[in-house]
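Okay, everyone, thanks for coming.

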Amino acid sequence: MKLRLLALALIVIWGAGKVGWENRLAAERKVVMVGQDLPMSYQLRDSLGQGFTMAALGGFRGLAADSLWLSLTGAWQEQEWERVAALAEMCVLLQPRVAFFWDMGAWNLAWNASVAVEHGPVKGGLDRRKHDARMWIEAGKDLLERGIRVIPEKPILYQRLGDLYWRRLGNYEQAAECYKEALQRPKAPLYLERFVGFMLEKAEQDREAYEYWRHLWQSFKEHGVDQHRWDVVKEHIQKLEITLAIPTEQQFFQPADH
Amino acid sequence: MKNSLCHILAIAGNTFTEAIRQKVLYVLTVFCLIMLGGSSFYTQFDFHGDEFKFMKDLAYAAISVIGLLVALLGAAMLIPAELEKRTIYTLLSKPVRKFEFIVGKYLGLTLLLTLFMALMAGIFMLVMWSHESSLTNDIMATSQGRPTELQLQQINEFRAGAYDPAMWQALTLVWAKLCLVTVISVFFSTLASSTVFIVSCTLFVYLIGHLQSVARDFWLAPESGASWLTTVFLAAISLLIPDFQTFNLIDEIIGGNRVLWLNTRHILLYTGGYTVIALGVSSLLFESREL
Amino acid sequence: MNEPDFAVSAANLTKTFTLEWTRKRLLALDGLDLRVRRGEVFGLLGPNGSGKSTTLKLLLGLIRPTTGQARVFGQEAGSLASRRRLGFLPENPYFPGFLSGREVLNYYGKLVDLHGQRLRARVEELLELVSLQPAAGRALKTYSKGMLQRVGLAQALLHDPDLLLLDEPTAGVDPVGSRQIRDLILALKKRGKTIIFSSHLLEQVQEVADRVIILHRGKKIQEGTLDELLSVQGQRQVTVSGLTPELQEQLVAWLQNAGAELIAVTQPKQQLEDYFIRAVSK
């Protein structure tokens with residue numbers, strides 16, 4: 001009996017201490033999961049079945065999201081765009097810190113869904129089709145923008161948003177801004193440096209583009225052949241100097257350099 | 001002191017050799033291997049290299065679930081058998097303390113769990129590395145050894161996915177989580193001799209443990225307005241049950257987010273503290289139990 | 001501190017079990033007084049459920065007495081010090097079947113703090129003692145019941161204890177094995193060991209025990225040396241050869257005249273066990 005009381009006392013004393021410890025660990029966890037909505041929102045609990053919720057709670061959230069993604073792939077093949085959108089929402093709810101779901105979810109909406117309703121066998125006049133296509137693009141854009149708020153530290157979603165502005169909306173200025181944002185994040189692909197320049201040219205901001213290319217060239221001392229593709233940069237500088245009618249003596253590359 | 005250590009190690013060694021003779025272990029191992037092999041199922045889809053996330057999710061789930069069964073069944077099968085076949089009488093007629101029996105059993109089962117996980121992790125890494133090299137080789141072949149900038153970036157992404165050192169961090173956390181399950185199952189096996197009882201109690205604690213943080217937050221909230229009965233209930237859960245949500249960093253790591261080893265160490269420390277207390281309480285209860 | 005005279009002493013040892021669900025109380029042992037001298041072979045007799053196993057468990061400290069106290073060489077029963085000096089053979093001992101006889105003795109040897117060379121030497125010595133050396137490398141699941149019993153005896157002897165507790169040492173063992181065990185008990189007695197064993201097979205007790213107690217429903221109903229318990233007071237038995245019927249008639253008449261009462265004239269018989277042993281050892 002004495003031993004059992006001792007055991008009980010041990011449990012209670014430990015319990016009182018451990019609660020504080022668990023709170024500290026939970027605080028640490030929230031720091032790691034910046035931007036993640038904890039505890040899980042009630043919306044999520046409602047939208048998923050009971051068993052699913054348990055799995056999600058039991059540390060199998062990733063697997064749950066993955067299987068939802070596989071059904072999204074099925075919905076895409078059957079061109080059920082509303083279902084694709086709903087499933088993408090669930091994936092990003094389950095794993096908001098996984099860029100893949102935001103990225104590919106948005107691509108499905110802004111490209112696949114949008115192109116399908118515009119050119120596919122859907123009834124309605126041209127205006128209606130254009131309106132629907134535009135709506136899906138906006139949905140994709142919205143998904144990417146929300147994703148950026150959750151994962152602001154990675155370049156990928158900015159890059160995708162830039163792609164969307166460029167290819168789906170034709171807003172080259174905004175696209176350039178997005179690529180610039182992406183480049184400020186670690187591990188951004190280097191070709192985005194040139195994308196900024198291309199976008200500025202496409203936006204017919206030749207002066208800004210020229211300044212940008214020159215700045216890009218000057219920000220590096222070495223200009224050997226590498227992933228920066230200095231030949232392309234040089235080519236664009238020289239092309240813009242002709243367009244902008246820059247006098248020879250003011251040109252960036254003087255014959256003396258070579 | 002030295003004698004105690006020798007006793008514990010002898011019992012741990014015997015527990016381990018006995019455990020690896022259990023047929024159910026081999027069934028579980030084969031099952032886990034099938035699931036790991038199944039992770040290459042995702043490679044049929046084109047995920048632009050992101051299939052590593054899917055492969056990892058499935059593999060970690062497989063290792064977690066099967067590992068959970070290994071952790072659950074080990075103590076729940078071996079400790080009642082020791083009582084039922086009365087080998088414990090022989091054991092305790094020797095100058096062996098009951099706590100040495102408890103700690104020895106726990107260590108033997110942990111050794112089993114560790115080797116199981118090491119084996120599964122090793123096999124999974126091989127599956128993933130071979131997938132990475134086949135993807136990379138495809139690119140190298142199509143580009144005739146001169147990959148474009150985009151392809152180079154893709155190869156780098158494959159490498160980052162397949163050779164991610166954070167995977168070991170996630171595996172360490174899964175291991176710690178399962179060690180905690182083992183000690184809980186050892187705890188319940190000092191209270192009762194029915195395998196079904198031990199398994200269901202441990203599973204119950206495991207499931208409630210994932211909700212413990214919710215109960216704790218609610219209990220500690222200054223203006224929860226709960227009735228005293230609810231408060232007592234929430235307090236009991238918060239005080240008695242470990243917070244399994246702590247291990248949810250596994251999700252973050254697989255999701256590709258950096259988690260500091262410092263945080264991992266804190267979690268290991270917490271698990272260690274819980275283990276020591278649980279083994280102590282188990283020993284006290286076992287000491288007072290008549291056999 | 002001088003060693004107490006008794007290997008085991010218990011006063012008013014009582015054990016009641018409370019059944020888990022009905023809360024019914026079960027009296028397993030009722031006020032047992034027990035004194036076993038050093039060097040004695042002591043038998044605990046009684047039918048199943050009479051309290052023999054309960055007594056042994058109390059002496060091992062596996063259960064605690066409800067009232068009373070048991071001491072082993074003056075130490076509290078179940079204490080580490082008491083367990084260092086006793087060896088226990090459980091009823092129908094079970095060992096992990098995949099281990100060999102040698103491995104299981106090595107395992108238990110570590111638990112009685114034997115190591116290295118001393119452990120190995122002791123294990124071989126015991127395998128020899130219980131004549132298991134030829135089978136020592138085989139898995140225990142191939143062993144016969146008698147062999148398992150001998151492994152059980154060997155593990156009880158690992159740390160050369162002064163007191164041996166044997167729970168039904170010959171239960172389920174064939175006569176040859178049973179005799180081997182009996183001979184072992186006698187050999188150990190010669191080496192000054194105290195042996196307490198329980199049995200419900202009375203003739204076997206008769207051959208080895210110096211003293212016995214008989215338990216029934218948790219109570220001690222008899223105690224004493226075998227001579228005290230078994231010799232019939234006021235009677236004598238004479239065994240002769242060459243007794244013809246006429247001679248027998250004369251003898252009976254003479255006895256009756258002298259005032260003695262004839263109870264029976266019988267023909268002595270061989271013990272079946274002796275007959276069996278002789279038959280199989282031919």
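Let me start with a quick one: are Tyr191(A) and Phe195(A) buried or exposed? Tyr191(A) is buried, and Phe195(A) is buried too; buried here means under 20% relative accessible area, exposed means over 50%, and partly exposed is in between, with a 1.4 Å probe and protein chains only.

Before I go on, some housekeeping. This is a predicted model, where local features need pLDDT of at least 70 and side-chain atom pairs count only at pLDDT 80 or more, while totals for chains, interfaces and linings use all residues. Residues are numbered from 1 along each chain as its sequence is written, chains are lettered from A and ligands numbered from 1 in the order in which they are written, and side-chain values use heavy atoms, with hydrogens and water left out.

Back to those two rings. Tyr191(A) and Phe195(A) both sit in helix α9 of chain A, residues 191-202, and they are 4 residues apart, about one turn of the helix. (Helices are DSSP runs of H or I, at least four residues, and strands are runs of E, at least two, numbered from the N terminus.) The ring centres of Tyr191(A) and Phe195(A) are 5.4 Å apart with the planes at 50 degrees, so we call the pair tilted. The rule is that rings of Phe, Tyr and Trp (its six-membered ring) pair if their centres lie within 6.5 Å; planes under 30 degrees apart are stacked, over 60 edge-to-face, and the rest tilted. Both rings belong to one aromatic cluster, whose members include Trp166(A), Tyr179(A) and Trp213(A). Over all chains, the count comes to 29 aromatic pairs. Another is Phe100(A) with Phe101(A): centres 5.6 Å apart, planes at 75 degrees, so that pair is edge-to-face. Phe100(A) and Phe101(A) are both buried.

Now the chains. Which of the 2 touching pairs has the most contacts? That's A and B, where contact means heavy atoms within 4.5 Å. Chains A and C have no contact, and their closest C-alpha atoms lie 12 Å apart.

So, B against A. Chain B puts in 58 residues and chain A 46. The pair buries about 4600 Å², with 65% of that from carbon and sulfur atoms; buried area is the accessible area (1.4 Å probe) that two parts lose on being put together, summed over both. Glu149(B), Asp251(B) and Leu284(B) supply 13% of what chain B buries against chain A, more than any other three residues. There are 2 salt bridges between chains B and A, meaning a side-chain nitrogen of Lys or Arg within 4 Å of a carboxyl oxygen of Asp or Glu. One of them joins Glu22(A) and Arg216(B), with the closest N and O atoms 3.3 Å apart.

And B against C? Here 26 residues come from chain B and 29 from chain C. They bury about 2700 Å² between them, 58% of it on carbon and sulfur atoms. Lys94(B), Pro95(B) and Glu290(B) supply 23% of the area chain B buries against chain C, more than any other three residues. Glu290(B) also makes a salt bridge with Lys15(C), closest N and O atoms 2.7 Å apart, and the count for chains B and C is 1. On chain B's side, the elements giving two or more residues are α1 (2-19), α4 (87-93) and α11 (261-288), and α1(B) gives the largest share, 8 residues.
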